[in-house]
Amino acid sequence: MILSAHNIRKRFADLDVLKGIDLEMQQGDVVAILGPSGSGKTTLLRCLNFLERADEGILTMDGADIDLHRATHREIVRVRRKTAFVFQNYNLFQNKTVLQNVTLGLTVGARMRRDEAEATALEMLRKVGMADRLKHYPSQLSGGQQQRVAIARALATKPEIIYFDEPTSALDPELIGEVLSVMRDLAVEGMTMLVVTHEMDFARNVSSSILFMDGGEVIERAPSRQFFEQPREARSQEFIRSILQR
Amino acid sequence: MSERIWGIVADSFPKMLTYGLTVTLPLAAASFLLALIIAVLVALIQYGNVPVLRRICRFYIWLIRGTPLLVQLYLVYYGLPKAGIYFDKLLAAWLVLGFNEGAYMAETMRGALESVSQGQMEAGYCVGLNFVQIMTHIVLPQAFRTAFPALSNSLISMVKETSLAATIAVEEMFRQAQIINGRVYESLALYTEVALIYLLFCTILTWLQRLCEKHLARRGGAIK
């Protein structure tokens, strides 16, 4: 088991966003989190990486238990070193080139030697098909290209798991394919991924299993094919029906 | 215009320019540097929401922006000695000009810091950077670029504001104009002359500013 989380709770003002989420990820799992908007999917990801401080919950990674509410600075850094995050809005560093965006975490964060960091960055940028844009700045790239650079940046830190928060939701329809195909390649290579998405093709054909959330709870966790063909829960069935109607 | 006036202008020009180049501009530059350091610290404290210091910074900005520069200058140079605190006149001018402009520039910097998207900060944490590394490598460089036009304006203001130091007898360019005028009584010619030298300085600075902005735009594209 690469990661397990137990009883994650989060409240914003008087809204229970997460009502006790349990989650387990095996090495190589590609889990798509589906659910209606406002169901807590993004908050769950953000709590797992301490971008949001959960009110309660235990995260177990590599045999170490971490209290999601009371984690120390040191524990947070340790968790983040094993994980990476891909944002809906890419969040590339606007003042850095493509290459610098990928190397910054390595040279400054992990104190890697520059040539070593650049070699790693180049390898990752090649993987996402962006090695021909090293000197470009984010503002000179399309959304799809920016997101691929963001994926390279995530890969460069050699994470055990990558969280994707609606990675294609901000993209123009014609640019979604290039990002999804990079993600598909990663899945095939065995990268462990937890993906909040609205792309049903990806959920159905690439992810190994589905975590269906509604109202801050996990309603159903099932292998992808089974979830789409024979959903167990009434709310899952309703959700799939509403998708098919679109 | 009579030959006498031309003679006075020709005589006084090198003197004034010398004071302009050796006192006015260095004082403006030194005060600007002090203001910049204060502005960045004050803006960072507010941006990072540091408990007690944040209140002190708000108090400082409130105090400085609510009182005239000339009064601040008099208070420090003529007032504080009554409380046993003495400053050399040049030091007093430097401190007052720096702390005064610093308050305005702090607000500029705070706005510029806040204009950098929060998401880049989160991305920084996620790739293993700490707060200081994120500030120095990502947020501050972008904030400086955003604030550059406004900061340039502050520098240009500073050049002109140094003339107030004449009121506490700092021997700068405008003080020279006053002194020479005291001898020859040609106020129109001499004050026009000194005004033109300020204009020259500010024109050159504006031109430099435009050059820098062009360079910044070429290097890295527009900041959204």
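**Figure 1. Buried residues of helix α3 (residues 69-79) of chain B in the predicted model.** Four residues of α3(B), namely Q72(B), L73(B), V76(B) and Y77(B), are buried. These residues lie on the same side of α3(B), because the arc that they cover around the axis is only 110 degrees. In an α-helix there are 3.6 residues a turn, so residues three or four places apart point the same way. V71(B) and Y78(B) are exposed and belong to the face of α3(B) turned away from its buried side. Among the elements covering the buried residues of α3(B) is α4 (89-114) of chain B.

**Figure 2. Packing of α4(B) with helix α6 (residues 131-161) of chain B.** The axes of α4(B) and α6(B) are 9 Å apart, and the packing angle is about 150 degrees. Because angles over 145 degrees count as roughly antiparallel, this description applies to α4(B) and α6(B). Their crossing is right-handed. The contact includes L97(B), Y104(B) and M105(B) of α4(B), and V139(B), A143(B) and L151(B) of α6(B). E101(B) of α4(B) and E161(B) of α6(B) also take part. By class, the contact of α4(B) with α6(B) comprises twelve nonpolar, three polar and two charged residues.

**Figure 3. The contact between chain A and chain B.** Chain A contributes 22 residues and chain B contributes 19 residues. On the side of chain A that touches chain B, two or more residues come from each of α2 (73-82), β6 (83-86) and α3 (98-109) of chain A. The largest share of this side, four residues, is supplied by α3(A). The side of chain A that touches chain B consists of nine nonpolar, ten polar and three charged residues.

Technical notes: Residues are numbered from 1 along each chain as its sequence is written. Chains are lettered from A and ligands numbered from 1 in the order in which they are written. This is a predicted model: local features need pLDDT of at least 70, side-chain atom pairs count only at pLDDT 80 or more; totals for chains, interfaces and linings use all residues. Two residues are in contact if their C-beta atoms, placed from the backbone, lie within 7 Å. Ala, Val, Leu, Ile, Met, Phe, Trp, Tyr, Cys and Pro count as nonpolar, Asp, Glu, Lys and Arg as charged, and the others, Gly among them, as polar. A residue is buried if 20 or more other C-beta atoms lie within 10 Å of its own, exposed if 12 or fewer, and partly exposed in between; C-beta atoms are placed from the backbone. The arc is that of the directions from the helix axis to the C-beta atoms. Axes are lines fitted to C-alpha atoms, for helices over the stretch in contact, and angles run from 0 to 180 degrees between N-to-C directions. Angles under 35 degrees count as roughly parallel, over 145 as roughly antiparallel, 65 to 115 as roughly perpendicular and the rest as oblique. A crossing is left-handed if the near helix is turned anticlockwise from the far one by less than a right angle, and right-handed if clockwise.
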